[in-house]
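Hi everyone, thanks for coming. Let me put the structure up on the screen, and then we'll walk through a few spots together.

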Amino acid sequence: MRHVSRLGLALVAAGSVLAPGRADEPAVRKAVTFYASFDEAVKGDAGAGALDAGTRFPHPTEKGQFVFEKGIDATVLKVAKGKGVAGGALEATGPPAKNGWLYFPAKGNLAYKKDGWSGSLSLWCNTDPNRLIKAQFCDPVQITQKGYDNGALWFDFNDAKPRALRYGAFPARAAGQKAVPESDPKVPMVRAGVVDWKEGAWHHVVLTFQNLDTGKPDAVTTLYIDGKRIGEVKGQALAMGWDIEKAGVYLALGYIGLLDEFALFDRALTAEEVALLHKKPDLLAPLKKK
């Protein structure tokens, strides 16, 4: 029998030693940098940055520029009380007026560092992408400053019939540089394949990202759906290159349905932690401010 110290036996008896691979609920909550339960309002419950939602509009005269305004289009974006995977949920019934995008400021709510950073994103979805969603492409979430193919993290339902779910981590481009075509085998995208989700059923999506903006080909991006690892991209240099003052966390782009329990984390969650979040949809509820 392998030797175990008296202290070790005492800790085991007290339940203080985690088994290998076991996820720790307080550790998961501690890693959160932004959390929105959507139980009472379309706003964040916890975060170090601004918690109120705003809307981004295309600039009326300057192509490629945007106007940011406080508030959201409450006629198509609202809280559906009691309809969430835990409590209420964000319900999107149509696109906001004037091609608006719902956003939360990235500054303070995302663990971004210019010289290297990691993180995760967790979101619950309830939709039928092949019946309810009418937009050509739909991004339930997109984090970017400039666009989906120029320094952005997102997952989408593409324009195929039936639709497929994809996780993209597209690096920032120099002026005049073209984006890597989606058909390129080296494109930084995890492909989940056809999505046969039905309205009324909740599904959990987690994106993890490690070693972004390090300047080295050591980035790793991983997609999980319903607690299971789908795939990863690794061995590339992936720099977002954001001006964090101008970057946004955008939700429900082209999306119709319910979204719930949205959270950002300051590190890449482990597979066990992702499975725990899937098993316990209300795990982050203690973060709600009284």
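Leaving aside its neighbours within four places in sequence, which residues is Thr-208 in contact with? Before I answer, please keep in mind that this is a predicted model. The contacts of Thr-208 are Gly-119, Ser-120, Tyr-167, Val-220, Thr-221, Thr-222, Tyr-224, Ala-268 and Leu-269. And is Thr-208 buried or exposed? Thr-208 has a relative accessibility of 3%, and buried means under 20%, so Thr-208 counts as buried.

Next, a glycine. Gly-88 is in the loop that runs between strand S5 (77–80) and strand S6 (89–92). With a relative accessible area of 2%, Gly-88 is buried as well. Again skipping residues up to four places away in sequence, Gly-88 touches Ser-37, Phe-38, Asp-39, Ala-80, Lys-81, Gly-82, Lys-83 and Asp-260. Have a look at Asp-39 in that list. How far apart are Gly-88 and Asp-39 in sequence, and how far in space? They're 49 residues apart along the sequence, but C-alpha to C-alpha the gap is 3.9 Å.

Quick reminder: side chains of opposite charge can pair when their charged atoms come close. How many salt bridges does the structure hold? There are 15. Asp-39 counts as buried at 12% relative accessibility, whereas Lys-288 is partly exposed, at 29%.

Here's another one. The side chains of Arg-173 and Asp-149 meet in a salt bridge at 3.4 Å, N to O. Arg-173 belongs to the loop between strand S11 (164–170) and strand S12 (189–194), and Asp-149 to the loop between strand S9 (138–147) and strand S10 (150–157), so to speak two distant parts of the chain, 24 residues apart. Arg-173 is partly exposed, with a relative accessible area of 25%. Asp-149, at 19%, counts as buried, because the cut-off is under 20%.

Now for Lys-280, which forms a salt bridge with Glu-25 at 2.5 Å, N to O. Why does this pair tie together parts 255 residues apart in sequence? Because Lys-280 lies in the segment after helix H3 (271–279), and Glu-25 in helix H2 (residues 25–30). Lys-280 is partly exposed at 34%, and Glu-25 is partly exposed too, at 24%. Salt bridges that share partners join Glu-25, Arg-29 and Lys-280 into one network.

Lys-280 also turns up in our last stop, the lining of the largest cavity. Rolling a probe the size of a water molecule over the atoms shows where empty space is left. A search of the whole structure finds one cavity of 30 Å³ or more, and the volume of the largest cavity is about 50 Å³. What lines it? Along with Lys-280, the lining has Ser-122, Trp-124, His-204, Glu-261, Leu-277, Pro-281, Leu-283 and Leu-284. By type, these lining residues divide into five nonpolar, two polar and two charged.

That's my tour, so over to you for questions.

Notes. Residues are numbered from 1 along each chain as its sequence is written. This is a predicted model: local features need pLDDT of at least 70, side-chain atom pairs count only at pLDDT 80 or more; totals for chains, interfaces and linings use all residues. Side-chain values use heavy atoms; hydrogens and water are left out. On a 1 Å grid over the protein atoms alone, a cavity is a set of points where a 1.4 Å probe fits but cannot get out, and a pocket is an open set with protein on both sides within 12 Å along at least five of seven lines; lining residues have an atom within 4 Å of a point. Grid points are joined across faces, edges and corners, and a volume is the space filled by probe spheres set on the points. Ala, Val, Leu, Ile, Met, Phe, Trp, Tyr, Cys and Pro count as nonpolar, Asp, Glu, Lys and Arg as charged, and the others, Gly among them, as polar. Helices (H or I, at least four residues) and strands (E, at least two) are DSSP runs, numbered from the N terminus. Buried means under 20% relative accessible area, exposed over 50%, partly exposed in between (1.4 Å probe, protein chains only). Contact means heavy atoms within 4.5 Å. A salt bridge is a side-chain nitrogen of Lys or Arg within 4 Å of a carboxyl oxygen of Asp or Glu.
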